[in-house]
Amino acid sequence: MSHDPERELVYFDIRGRAESIRLLLAYAQAPYIDRGIPRADWPSLKKTVPLGQVPVLVERTPAGERVIPQSQAILRHLARVFGLDGANEDERVRADIVAETVLELRTAWNRVAYNPGWLKDQAATDAHFRDVFPRFRATLEGLLEQSEERGALYFAGSAPTHADFFAFDTLESHREVVPSCLDGHGSLQRFLDDIRALPPIADYLARRRPSDFQRA
Ligand SMILES: N[C@@H](CCC(=O)N[C@@H](CS)C(=O)NCC(=O)O)C(=O)O
């Protein structure tokens, strides 16, 4: 008898903050309901979710329901459940360092990419790619190269962790807007290619919803 909960990921029908969670679930080959809610339904749904925001992960078992808000809490919970949080304490620490770094970049990116509209403020987008992105790209490249020096393919170790899916999604999201933004940064490009080639990820990428920026 399976003890896996039934999972439902509730978010808007975009990649946004839910996409690294979807990537991790795809890699773990874990079934779940990917509930993309129409914007028109949001005002009533907002009142029913714990922090009034999405994404939210709902896990249902015969014993009851676990409802988790906050994308990073969801991602790290699933990483622990599926053993994608590092093979030992050193790897877990490295995964957290990378995830926190990516979160800083992502927070800045969300501001220009999603608010107040889809890439509506060209000056803010240009400033992000000029003043913010290069700094984080250098930090992430340094962290990845330290990992490569230890013989590891991924940010924390020799197997992917939550931090890799978060980094992948955030870097890819930047590349969708400025395709050349990783030119000359071979280790980051190699990392993205390696994640993309993981069979369950390749399968997911072939069928996922279109880029958020195709709606811009
Ligand atoms: N720190 C939260 C932020 C969540 C968040 O800002 N969600 C947005 C969508 S990306 C939202 O729910 N917006 C609608 C609202 O706040 O009413 C997370 O990472 O999950």
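Buried means under 20% relative accessible area, exposed means over 50%, and partly exposed lies in between (1.4 Å probe, protein chains only). This is a predicted model: local features need pLDDT of at least 70, side-chain atom pairs count only at pLDDT 80 or more, and totals for chains, interfaces and linings use all residues. Residues are numbered from 1 along each chain as its sequence is written, and side-chain values use heavy atoms, with hydrogens and water left out.

**View 1. The annotated domain at residues 5–86.** UniProt places "domain: GST N-terminal" here, in an unreviewed entry. UniProt positions follow the numbering used here, feature names are shortened, and annotations may be inferred rather than shown by experiment. Over residues 5–86 the chain is 32% helix and 29% strand. Helices (H or I, at least four residues) and strands (E, at least two) are DSSP runs, numbered from the N terminus. The end C-alpha atoms are 23 Å apart.

**View 2. The aromatic pair Trp109 and Phe129.** A search of the whole structure finds 8 aromatic pairs. The ring centres of Trp109 and Phe129 are 5.4 Å apart and the planes meet at 80°, so this pair is edge-to-face. Rings of Phe, Tyr and Trp (its six-membered ring) pair if their centres lie within 6.5 Å; planes under 30 degrees apart count as stacked, over 60 as edge-to-face and the rest as tilted. Trp109 is in helix H4 (residues 89–114) and Phe129 in helix H5 (residues 122–149), 20 residues apart. Both Trp109 and Phe129 are buried.

**View 3. The aromatic pair Tyr114 and Phe213.** Here the ring centres are 5.8 Å apart and the planes are at 45°, so the pair is tilted. Tyr114 lies in helix H4 and Phe213 in the segment after helix H8 (199–207), so the pair ties together parts 99 residues apart in sequence. Tyr114 and Phe213 are both buried. Together, Trp109, Tyr114, Phe129, Phe133 and Phe213 form one aromatic cluster.

**View 4. Asp212 and its contacts.** Asp212 is found in the segment after H8. At 1% relative accessibility, Asp212 counts as buried. Its side chain makes a polar contact with the side chain of Tyr114 (2.6 Å). A polar contact is a pair of N or O atoms within 3.5 Å; within protein, one must be able to donate a hydrogen and the other to accept it, and residues adjacent in sequence count only if both atoms are side-chain atoms. Leaving aside neighbours within four places in sequence, Asp212 is in contact (heavy atoms within 4.5 Å) with Ile14, Arg15, Gly16, Tyr114 and Trp118.

**View 5. The salt bridge between Arg209 and Asp34.** A salt bridge is a side-chain nitrogen of Lys or Arg within 4 Å of a carboxyl oxygen of Asp or Glu. In this pair the closest N and O atoms are 3.2 Å apart. Arg209 lies in the segment after H8 and Asp34 in strand E2 (residues 33–37), so the pair ties together parts 175 residues apart in sequence. Arg209 is buried, at 16%. Asp34 is partly exposed, at 29% relative accessibility. Asp13, Glu19, Arg22, Asp34, Arg208 and Arg209 are linked in a network of salt bridges.

**View 6. The salt bridge between Glu65 and Arg60.** The closest N and O atoms are 3.2 Å apart. Glu65 is exposed, with a relative accessible area of 53%. Arg60, at 28% relative accessibility, counts as partly exposed.
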